[in-house]
Amino acid sequence: MIQFSCLTDVPGMTKGLVRELRVRWMLEELGLPHEAVIYSHPDTKKHPYLDLQPFGQVPYFKTDELQMFETGAILIHLALKYNKFLPTEEVARAHTLQWMFAAQTSVEPFLFHVFMLKFDPDAAESTKARGRQICIDRVKILSEKLGEKEYFSGEFSIAEIVMTTVLRTANMSGLLDPHPNLVKYIQRLEARPAYQRALAEHVKLYPEK
Ligand SMILES: N[C@@H](CCC(=O)N[C@@H](CS)C(=O)NCC(=O)O)C(=O)O
């Protein structure tokens with residue numbers, strides 16, 4: 001049975017907006033039976049929940065074969081598995097993925113920020129401190145998840161290209177100082193000849209800086 005997590009109660013303004021809705025919608029489109037597993041917010045912040053969603057967020061996604069998190073990745077997984085809603089034709093597929101990533105990375109964080117400022121009177125006051133704390137927590141979780149492993153995704157993959165480039169900024173901000181395994185991870189990935197070639201070409205664009 002397909003399962004995904006959701007929350008018992010959410011602030012009124014976010015009713016109808018919780019991201020588990022994306023997974024529900026996709027499952028309805030596919031006509032697949034599913035079960036929502038409901039958690040209190042405090043329970044999502046401790047084990048065993050954190051084994052299924054390391055950031056303590058909803059949703060996780062679970063079947064007999066696999067468990068995963070991140071709504072975009074869950075949708076891609078379902079689309080590939082059931083061969084629906086992700087075109088197989090190369091250009092159409094590329095454009096579909098492009099718009100999905102655009103929504104989640106280039107658009108959503110900014111729209112959500114404005115939404116929070118409008119509906120949560122305390123958000124403006126605490127956004128800076130809260131933002132920093134979230135960053136501290138996120139890198140700690142990533143450090144724990146990586147542990148002594150070489151890669152997050154098991155082998156060198158597109159996930160590692162993105163993760164390395166994201167974590168480099170955290171390193172420059174000093175956020176990785178308590179996490180030598182993440183610093184070593186970056187160094188290991190940066191040592192790849194392909195990365196070195198890419199960086200050399202990139203910095204050539206900015207000779208004066
Ligand atoms: N990028 C994640 C975001 C998940 C997310 O932000 N979930 C929110 C609900 S919409 C959550 O669990 N918030 C509670 C929290 O962070 O404590 C995804 O798309 O799955």
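Colleague: Which residues in α3 are met by Arg 22, Val 23, Met 26 and Leu 30 in α1?
Modeller: Residues are numbered from 1 along each chain as its sequence is written. The model is predicted, so that local features need pLDDT of at least 70 and side-chain atom pairs count only at pLDDT 80 or more, whereas totals for chains, interfaces and linings use all residues. Helices (H or I, at least four residues) and strands (E, at least two) are DSSP runs numbered from the N terminus, and a contact requires C-beta atoms, placed from the backbone, to lie within 7 Å of each other. On that basis, the residues in α3 that Arg 22, Val 23, Met 26 and Leu 30 in α1 meet are Thr 71, Ile 74, Leu 75, Leu 78 and Tyr 82.

Colleague: How many nonpolar, polar and charged residues has the contact of α1 with α3?
Modeller: Ala, Val, Leu, Ile, Met, Phe, Trp, Tyr, Cys and Pro count as nonpolar, Asp, Glu, Lys and Arg as charged, and the others, Gly among them, as polar. Sorted by these classes, the contact of α1 with α3 has seven nonpolar, one polar and one charged residues.

Colleague: Are α1 and α3 roughly parallel or roughly antiparallel to each other?
Modeller: Each axis is a line fitted to C-alpha atoms, for helices over the stretch in contact, and angles between N-to-C directions run from 0 to 180 degrees. The axes of α1 (residues 20-30) and α3 (residues 71-82) come within 10 Å and cross at roughly 10 degrees. Angles under 35 degrees count as roughly parallel, over 145 as roughly antiparallel, 65 to 115 as roughly perpendicular and the rest as oblique. The relation between α1 and α3 is therefore roughly parallel.

Colleague: How do the residues of the shell around the ligand divide by class?
Modeller: Here a residue is near the molecule if its C-beta atom, placed from the backbone, lies within 6 Å of it. The ligand is surrounded by Val 18, Arg 19, Gly 56, Gln 57, Val 58, Phe 69, Glu 70 and Thr 71. The classes of this shell are three nonpolar, three polar and two charged.

Colleague: Does Glu 70 count as buried, partly exposed or exposed?
Modeller: Glu 70 lies in the loop between β4 (67-69) and α3, and its phi is positive, about 80 degrees, although it is not a glycine. A residue is buried if 20 or more other C-beta atoms, placed from the backbone, lie within 10 Å of its own, exposed if 12 or fewer, and partly exposed in between. With 17 C-beta neighbours inside 10 Å, Glu 70 therefore counts as partly exposed.

Colleague: What is the value of phi at Asn 83?
Modeller: Asn 83 is in the loop between α3 and α4 (90-119), and it is exposed because 8 other C-beta atoms lie within 10 Å. Its phi is positive in a residue other than glycine, with a value near 55 degrees.

Colleague: What is omega for the cis peptide bond from Val 58 to Pro 59?
Modeller: A cis peptide bond also joins His 47 and Pro 48, with omega about 10 degrees, and Pro 48 is in the loop between β2 (34-39) and α2 (49-52). Pro 59, for its part, is found in the loop between α2 and β3 (60-62). For the cis bond from Val 58 to Pro 59, omega is near 0 degrees.

Colleague: How far apart in space are Lys 140 and Pro 178, C-alpha to C-alpha?
Modeller: Lys 140 sits in helix α5 (residues 123-146), and its 14 C-beta neighbours inside 10 Å are why it counts as partly exposed. Lys 140 and Pro 178 are 38 residues apart in sequence, while their C-alpha separation in space is 8.4 Å.

Colleague: Which residues does Ala 159 touch, not counting those up to four places away in sequence?
Modeller: Ala 159 belongs to helix α6 (residues 158-172), and it counts as partly exposed because it has 14 C-beta neighbours inside 10 Å. Leaving aside residues up to four places away in sequence, Ala 159 touches Phe 152 and Ser 153.

Colleague: How far apart do the C-alpha centres of domain 1 and domain 2 lie?
Modeller: The bounds come from an automatic or database domain assignment, which divides the protein into domain 1 (1-86) and domain 2 (121-209). The distance between their C-alpha centres is 26 Å.

Colleague: What share of the 209 residues in the protein do buried residues make up?
Modeller: The protein has eight helices and four strands, and its C-alpha atoms fill a box of roughly 55 × 50 × 35 Å, taken along the principal axes. Of the 209 residues, the buried share is 11%.

Conventions. Contact = placed C-beta atoms within 7 Å.
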